[in-house]
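Here is a friendly walk through one protein chain, written for reading beside the coordinates. Please have your viewer open and pick out the residues as they come up.

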Amino acid sequence: MNIIPLFGGVIFSALGIYVCYDYRRFNKNALKIKGRVLRYEEYITKDTDNIKRKAYRPFFEFTVNGSTYVVKSKTSFHSKIIPVGHYADVLYHKGDEENARLAEGNGAGLGILFIALSLPAYYFGLFH
């Protein structure tokens, strides 16, 4: 048994389970409305292998009951997935509109990826 890969597997699987849980929890009661992408914040990220990449964080607006909300997305993308000025589906909870999410970037894919990455770590931790 090798403790380091095993520990990594536990961390990755816990992170993956949390992301999937958060996705399901948020989407279960979310309301859907059309919103418009206003602009993108562009910044540089650095991968673990020191490769620098541009990332884009959208700002979008939507209107609920006559009140307009402008939200900075908590999700970043490697491209401008929705052109500025275009409309997209926005998911929000009534009374918590400031934490709305673009439906386009609100998927369980990242959680599934973390869970998949935990499997080799468990294998190497338990059997090597």
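The notes below cover the core, the salt bridges, a surface patch and one serine.

## The nonpolar core

Keep in mind from the start that this is a predicted model. Its largest nonpolar core has 14 residues. Within this core, F60, F62, V71, I82, V90, A100 and L102 touch the most other members. The largest share comes from β2, which supplies four residues. As a general background, nonpolar side chains tend to be buried together in soluble globular proteins.

Setting aside its neighbours within four places in sequence, A100 is in contact with F60, F62, V71, V90, L91 and Y92.

## Salt bridges between strands

The count of salt bridges in this model comes to eight. In general, side chains of opposite charge can pair when their charged atoms come close.

In one, the side chains of E61 and R36 meet, with 2.7 Å from N to O. E61 belongs to strand β2 and R36 to strand β1, so this pair ties together parts that are 25 residues apart in sequence. R36 is partly exposed, at 27% relative accessible area.

In the other, K54 pairs with E42, and the closest N and O atoms are 3.3 Å apart. Here K54 sits in strand β2 and E42 in strand β1, so the pair ties together parts that are twelve residues apart in sequence. K54 counts as partly exposed with a relative accessible area of 43%, and E42 is also partly exposed, at 44%.

Now turn to helix α1 (residues 3-29), where D22 and R25 both lie. They are three residues apart, about one turn of the helix. The two form a salt bridge, and their closest N and O atoms are 2.5 Å apart.

R25, at 36%, counts as partly exposed. The pairing also extends to another residue: D22, R25 and R101 are linked in a network of salt bridges.

## A nonpolar patch on the surface

Which residues form a nonpolar patch on the surface? They are M1, Y123, F124, L126 and F127, and together they have about 610 Å² of accessible area. F127 has its place in helix α2 (residues 109-127). At 61% relative accessibility, F127 counts as exposed.

What does its side chain meet? A polar atom of the S118 side chain lies 2.6 Å from the backbone oxygen of I115.

To see what else surrounds this serine, look beyond its neighbours within four places in sequence: S118 is in contact with G9, F12 and S13. Displaying these residues together with I115 gives a view of both the polar pair and the other contacts of S118.

Definitions and conventions. Residues numbered from 1 in each chain as written. Predicted model: local features only at pLDDT ≥ 70, side-chain atom pairs only at ≥ 80, totals over all residues. Heavy atoms only, no water. Core = buried A, V, L, I, M, F, W, Y, C linked by side-chain atoms within 4.5 Å. Buried < 20%, exposed > 50% of the residue type's maximum accessible area, 1.4 Å probe, protein only. Helix = DSSP H or I, 4+ residues; strand = E, 2+ residues; numbered from the N terminus. Contact = heavy atoms within 4.5 Å. Salt bridge = Lys/Arg side-chain N within 4 Å of Asp/Glu carboxyl O. Patch = residues over 30% accessible without salt bridge, like charges linked within 9 Å, V, L, I, M, F, W, Y side chains within 5 Å. Areas by Shrake-Rupley, 256 points an atom, 1.4 Å probe, with all protein chains shown as cover. Polar contact = N/O pair within 3.5 Å; in protein donor to acceptor, adjacent residues only side chain to side chain.
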